[in-house]
Amino acid sequence: MFYLLGHPLRNLFLSLFCVGFIFLGFADTTNSSQTDKNSKIKPVNLVKVYYFHTTYRCRTCTLMQQYTEEVIEVDFADAIKAGDVQFEVVNVELKENNDYIKKYNIYTKMVIVSKLTDGKEKEWKNLDKIWDLVKNPEEFKSYIREGIEEYLNS
Amino acid sequence: MDSYFFDLGFALWLGILTSLSPCPMATNIAAISFIGRQFQTQRSVFGAGIFYMVGRTLTYIILGAILVTSTQSVPFVAMFLQKYMLKIIGPVLVVVGIILLGIIKFSFQGGGFNENVQKRLATAGWTGSLSLGMLFALSFCPPAAAIFFGSLFSLALKQSSKFIIPALYGIGTALPVLVFAFVIAFSTNRLGVLFNRLSTFEKWARKITAIIFIVAGIYVSLKSFGLVY
């Protein structure tokens, strides 16, 4: 190190090296923030599953949420990780969620599956058989599974 | 043409299905006891039962007409009724039960008013049955709401029916109640005649109905606040 202090050329090289190194460091951060941004951009196509409920619920209503969650967690775990499927539980009685009522014609606890293409909602459907099938968990879950798969595969 | 009759039958069936689900159990029991305690004469039971059915049917016709005319109002009406009706019906049942028991005597305008209310409720009157039918028809718990605002409403739209489809649904919801009420009334009547204690049975019938109303009212109130399932 003491050598460097006394040698102007070496000083120059060292300075250039340091500056170069600093630039590289900056360049690195810029690149990694770019890749971070890339990974944070939502997938263009995704299937969103909503379970809409009200503040006070009956046992059947809670069971329906539980079964739906189980289907999502078991059958669509990979899809959730990849960001192809999202699941959201929404209380429509909260003021900030009121818009959903009109949008999806919500008249009771419901499971709505929405297909987003290019970030925009292309179509949606109401899985209205849930009230018939809730007595049979396996049939209920198959129905939910098929409903989601139909949009995923189309 | 086939599809039309099938849809009519389906509407009726949906009504029966709604009535038989565990959800309206409390209000059904209250209705059965209210209608069935008229067992002194078959005519009384029949009259009470028919007016209960008419009450329910009227409510569904009115609702159906509103909803088919303005389909955008479906979510609002559905959510409103589900949120508030049970909270109203619970206390109403308790109050009616208490009046039937004769514990509380209203003294708004002296004895005349009090006697009128008591007497009217006690004799069950056909107005009482009609009002009960109309009120209970509005108590939508989620499975009933899913059937009415979902399946039945689509059916009504499909057949452009503001009257017939909702009416058949209403008849369907009242049918199981009527059947049970008649069976109970008939058996109690026979028993009363058998034991020659018809008048004693009648006195007890009112008290039992009152207690059923109070218990049902408390249960429905608790349910409306999510405190029981």
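Me: In chain A, is A:N91 buried or exposed, and at what relative accessible area?
Reply: This is a predicted model, in which local features need pLDDT of at least 70 and side-chain atom pairs count only at pLDDT 80 or more, while totals for chains, interfaces and linings use all residues. Residues are numbered from 1 along each chain as its sequence is written, chains are lettered from A and ligands numbered from 1 in the order in which they are written, and side-chain values use heavy atoms, leaving out hydrogens and water. A:N91 lies in strand β2 of chain A, where helices (H or I, at least four residues) and strands (E, at least two) are DSSP runs numbered from the N terminus. Buried means under 20% relative accessible area, exposed over 50% and partly exposed in between, with a 1.4 Å probe and protein chains only, so A:N91 counts as buried, at 12%.

Me: Which backbone nitrogen does the side chain of A:N91 reach?
Reply: Contact means heavy atoms within 4.5 Å, and A:N91 touches A:H53, A:T54, A:T55 and A:N97 when residues up to four places away in sequence are not counted. A polar contact is a pair of N or O atoms within 3.5 Å; within protein, one must be able to donate a hydrogen and the other to accept it, and residues adjacent in sequence count only if both atoms are side-chain atoms. At 2.9 Å, the side chain of A:N91 reaches the backbone nitrogen of A:E93.

Me: Of A:E88 and A:K48, which is buried?
Reply: A:E88 has a relative accessible area of 28% and is therefore partly exposed. The residue whose relative accessible area of 15% makes it buried is A:K48.

Me: Which strand holds A:E121, the salt-bridge partner of A:K103?
Reply: The side chains of A:E121 and A:K103 meet in a salt bridge at 3.7 Å, N to O.

Me: How many salt bridges does a search of the whole structure find, and how many lie between chain B and chain A?
Reply: Side chains of opposite charge can pair when their charged atoms come close. Over all chains, the search finds six salt bridges. Between chain B and chain A, the count is zero.

Me: Which element gives the most residues to the side of chain B that touches chain A?
Reply: Chain B and chain A bury about 1400 Å² between them, 73% of it on carbon and sulfur atoms, where buried area is the accessible area (1.4 Å probe) that two parts lose on being put together, summed over both. The contact takes 17 residues from chain B and 16 residues from chain A, and two residue pairs are in polar contact, both at pLDDT 80 or more. On the side of chain B, the elements giving two or more residues are α4 (74–101) and α7 (142–158). The most, seven residues, comes from α4(B).

Me: What share of the residues in chain B is buried?
Reply: Chain B has nine helices and zero strands. Among its contacts between residues at least 6 apart in sequence, 82% join residues at least 24 apart. Of the 229 residues in chain B, the buried share is 49%.

Me: Where does the kink in α8(B) lie?
Reply: Helix α8 (residues 164–194) of chain B has 31 residues and reaches 43 Å from its first C-alpha to its last, close to the expected 45 Å; the expected span is 1.5 Å times one less than the number of residues. The bend at a residue is the angle between axes fitted to the seven residues ending there and the seven starting there. Shortly before the proline B:P176, a kink of about 30° lies at B:L175.

Conventions
A salt bridge is a side-chain nitrogen of Lys or Arg within 4 Å of a carboxyl oxygen of Asp or Glu.
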